[in-house]
Amino acid sequence: EIHIKEPLEKEVNPRLLPGELLLCEANMVYKYIQEDGSNRGTYGKLICTNFKISFLDEDSASDDNEPQFKNKIIGENDITLQCVDQIYGVYDEKKKLLTGQLRKYPEKLIIYCKDLRVFHFCLRYTKEEEVKRIVSGIVHHSQTPKLLKRLFLFSYASAAPNNTDGRNQTVMFDTLDDWRAELERTKGNVKYKAVVTNEGYRVSEKLPLYFVVPICVSEESILKFQGRGIPIWCWSCHNGAALLKMSAFPKEQDDNTSQMQRAFLDGIYRTISNPPYELLKTEDLSSSLPSLQDIQTAYTRFKQLFLIDNSTDFWATDVKWFSLLESTNWLEIIRRFLKKAIEVAECLERQHSNVLLIEESATDLCCVISSLVQVMMDSYSRTKSGFQSLIQKEWVTGGHSFLDRCNHLHKNDKEEAPVFLLLLNCVWQLVQQYPPAFEFTETYLTVLSDSLYVPIFSTFFFNSQHQKDTNTTGESLKTQSGPFKFLTVWDWSVQFEPKAQALLSNPLYTEKPKPDKSQRKTTRFKHQRQFSLPLTQTKSSPKRGFFREETDHLIKNLLGKRIGKFIINSSDEPHNSFREFYDSWHSKAVDYHGLLLPSIDGPEIKVWAQRYLRWIPEAQLPGGGTIATAAKILDLMEEVQSLQVKMDEEHCQAISRDVQSVPVLRSSARLSSLFPFALLQRQSIKPALPTSTWKDLEDEDDLVKRDDEFVDLSGDMS
């Protein structure tokens with residue numbers, strides 16, 4: 001049965017950004033609504049521009065069904081060319097990956113996105129010529145290698161007026177004063193200095209124009225090996241200990257060169273190990289953490305769990321959820337990075353030692369660990385402006401190869417690795433464990449991860465500051481008003497209206513520590529079924545295989561049961577010093593403005609549900625989840641604000657123009673647990689369970705009698 005919305009009665013014109021050009025289009029394209037597995041959908045026009053792929057239907061022309069959390073740049077049916085992951089064609093019910101030149105054109109098109117959306121388009125009713133143009137156009141513009149200056153980033157910057165909001169408080173770290181201010185903020189200016197040695201990029205193209213080194217390091221030393229072997233300052237702890245990073249020398253060198261480099265390093269180590277510097281500890285991240293290839297392999301497996309075509313696929317994989325999740329190794333990689341960051345924090349906080357992170361380029365794993373350490377130890381990095389400044393310092397000016405790691409140009413798949421996404425996953429673990437400690441929300445982190453693929457911001461589209469500088473000069477890149485400037489992603493007003501931006505800020509953020517902290521324990525959230533995993537596989541009963549145990553988990557959830565907590569026996573037991581530090585901190589009350597250590601045992605490491613499950617209705621809980629609580633809090637805040645305005649009017653006879661009200665989220669019972677990304681009207685049809693599962697239900701009559709495991713879901717929803 002096919003449920004069809006009638007074809008468009010009126011022409012729907014695409015909304016194009018400045019510099020955006022329509023390249024090809026196809027009419028009478030049928031877009032499936034894949035969530036319930038039926039053939040329901042709607043007719044419309046499929047277009048491809050130099051910025052995005054977009055589906056236009058009647059809803060695109062009206063503002064009646066706009067979501068409350070609307071992105072001004074990317075619509076619900078828009079896919080930026082950089083967001084396209086893979087494109088499949090369906091030939092006689094068989095899927096085939098589409099790349100390069102096509103000899104035969106498919107009857108269906110499936111587009112898998114890097115933000116984990118899945119689009120299904122039927123081309124049976126489209127004219128043959130239009131099918132050829134749109135399919136070949138989409139494949140060519142989204143999958144084939146391109147030049148840097150062919151990115152929409154340059155077209156938009158040259159055509160759009162640069163009238164961004166000047167109130168952005170993010171420190172960009174592109175001036176000497178920015179580095180000096182950071183040294184002063186962290187009290188590191190006694191032992192460290194900001195240098196201008198790399199002006200004109202005469203030291204290295206990977207290093208920023210300005211950076212910080214120990215005062216005792218000479219300019220001659222910095223120049224000697226193009227910045228390699230030089231300890232570069234990241235951050236100073238309150239006790240004077242500092243976090244440093246170093247770009248290592250290549251391992252394969254001739255003997256004479258190796259001896260010279262070793263002698264150079266010995267001299268550097270001796271210099272920064274003497275007073276007034278603390279004892280130095282080195283940490284070679286390349287040997288103690290997963291490689292970039294390991295990270296890419298794990299994430300590739302992990303994301304496949306969420307690129308769901310239909311309800312049948314979802315329930316088929318849900319039965320084997322825990323074993324599939326464990327086999328990806330993604331959560332274990334997150335745990336290992338968090339553990340390493342805790343080890344570094346222990347050296348800085350308790351041992352008062354300087355820590356030197358070493359990596360071949362010092363622009364990948366070093367960025368993750370140094371950022372995590374600062375988020376854990378510096379409460380400023382847990383504010384929105386502080387976190388954004390941290391990303392600028394460690395990643396953008398720090399030389400992380402966003403262009404290569406995100407594979408924006410499709411030039412080298414071997415260089416691709418989701419390193420920045422790994423950091424956001426690690427930070428999310430802290431945010432969900434200690435919500436009051438962060439000024440930003442998980443929605444902020446989700447939107448930030450989506451912004452990786454929006455090529456109107458320069459933040460995530462260059463490999464280095466040098467590459468950006470060399471590509472923003474020249475006669476061809478000047479506008480009528482002079483040389484153009486790229487937008488920065490930190491100006492959230494470009495993407496969201498003020499009401500939507502309110503969802504990026506945490507209303508329960510504790511701005512000041514409460515004076516009475518005695519007897520106060522940190523909030524512990526109950527372990528939720530689908531989002532976490534034990535480190536080691538629990539032993540299954542002789543009568544029940546692991547598959548059967550997982551089937552029981554599915555059944556219990558369908559009947560409103562909960563799963564008990566796992567008993568974890570970690571096979572990777574930290575050494576005594578680390579474990580003592582870790583256990584000692586977790587035994588005390590949490591200071592939300594002090595040191596924060598994440599819980600890393602077993603089910604404490606969870607799947608970032610909002611990002612990975614937001615497009616899957618089967619995984620949503622209508623009227624429940626944390627958003628129901630957040631909605632009530634936002635309603636209460638709005639009421640308090642309106643009362644404050646009335647009081648000001650009575651006492652001052654003046655209306656405060658600067659008061660911005662937070663969004664009103666009435667009827668919270670209608671909100672999905674994955675709001676604001678899931679639309680309110682989207683509902684999942686109850687699936688038909690496999691025969692084997694129904695048989696299990698019939699055999700397990702005693703399930704409903706297990707009173708100790710029953711959870712009243714209706715109570716949770718309210």
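Colleague: Which residues lie nearest the centre of the largest cavity?

Modeller: Tyr-299, Arg-405, Glu-416, Pro-418 and Tyr-453 lie nearest its centre, out of 17 residues that line the largest cavity. Keep in mind that this is a predicted model.

Colleague: Good to know! How much space lies in the largest cavity?

Modeller: The largest cavity holds about 210 Å³ of space. The count comes to 8 cavities of 30 Å³ or more.

Colleague: And which helices each supply at least two residues of that lining?

Modeller: Helix H8 (292-304) and helix H15 (419-433) each do that. H8 gives the largest share of the lining, with 4 residues.

Colleague: How does the lining of the largest cavity divide by class?

Modeller: The lining has 9 nonpolar, 3 polar and 5 charged residues.

Colleague: Let's stay with H15, then. At what angle do H12 and H15 pack?

Modeller: Helix H12 (residues 365-377) packs with H15 at an angle of about 20°, and their axes are 10 Å apart. That makes H12 roughly parallel to H15. The crossing of these two helices, H12 and H15, is right-handed.

Colleague: Which residues make the contact there?

Modeller: On the H12 side you'll find Val-368, Ser-371, Leu-372, Val-375 and Met-376. H15 brings Val-419, Leu-423, Cys-426, Val-427 and Leu-430 to the contact. By class, the contact of H12 with H15 has 9 nonpolar residues, 1 polar and no charged.

Colleague: Nice. What about H11 and H15, parallel or perpendicular?

Modeller: Roughly perpendicular, because helix H11 (residues 330-349) and H15 pack at an angle of about 75°. Their axes are 10 Å apart. From H11, the contact uses Trp-330, Ile-333, Ile-334, Phe-337 and Leu-338. H15 answers with Leu-422, Asn-425, Cys-426 and Gln-429.

Colleague: How many polar residues does the contact of H11 with H15 have?

Modeller: There are 2 polar residues in the contact of H11 with H15, along with 7 nonpolar and no charged. Cys-426 is worth a look on your screen: Cys-426 of H15 takes part in the contact with H11, and Cys-426 is also listed in the contact with H12.

Colleague: I'll click on that one. Now another pair: how far apart are the axes of H13 and H16?

Modeller: The axes of helix H13 (residues 384-396) and helix H16 (residues 442-450) are 13 Å apart, and the packing angle is about 30°. H13 and H16 are therefore roughly parallel to each other. H13 passes H16 in a right-handed crossing.

Colleague: Which residues of H13 and H16 meet?

Modeller: Lys-384, Phe-387 and Gln-388 in H13 meet Tyr-444, Leu-445 and Leu-448 in H16. That contact of H13 with H16 divides into 4 nonpolar residues, 1 polar and 1 charged.

Colleague: Changing topic to the backbone. Is the peptide bond from Pro-275 to Pro-276 cis or trans?

Modeller: The bond from Pro-275 to Pro-276 is cis, with omega near 5°.

Colleague: Where does Pro-276 lie?

Modeller: Pro-276 lies in the loop between helix H6 (255-273) and strand E14 (280-284).

Colleague: Last one: what is phi of Ala-362 near, and where is Ala-362 found?

Modeller: Phi of Ala-362 is near 60°, a positive value in a residue other than glycine. Ala-362 is found in the loop between strand E15 (354-359) and H12. And H12 is the helix that packs with H15 at about 20°.

Key
Residues numbered from 1 in each chain as written. Predicted model: local features only at pLDDT ≥ 70, side-chain atom pairs only at ≥ 80, totals over all residues. Heavy atoms only, no water. Axes fitted to C-alpha atoms, helices over the stretch in contact; angles between N-to-C directions. Parallel < 35°, antiparallel > 145°, perpendicular 65-115°, else oblique. Left-handed = near helix turned anticlockwise from the far one by under 90°. Contact = heavy atoms within 4.5 Å. Nonpolar A, V, L, I, M, F, W, Y, C, P; charged D, E, K, R; others polar. 1 Å grid on protein atoms, 1.4 Å probe; cavity = no way out; pocket = protein on both sides within 12 Å on 5 of 7 lines; lining within 4 Å. Points joined across faces, edges and corners; volume = space filled by probe spheres on them.
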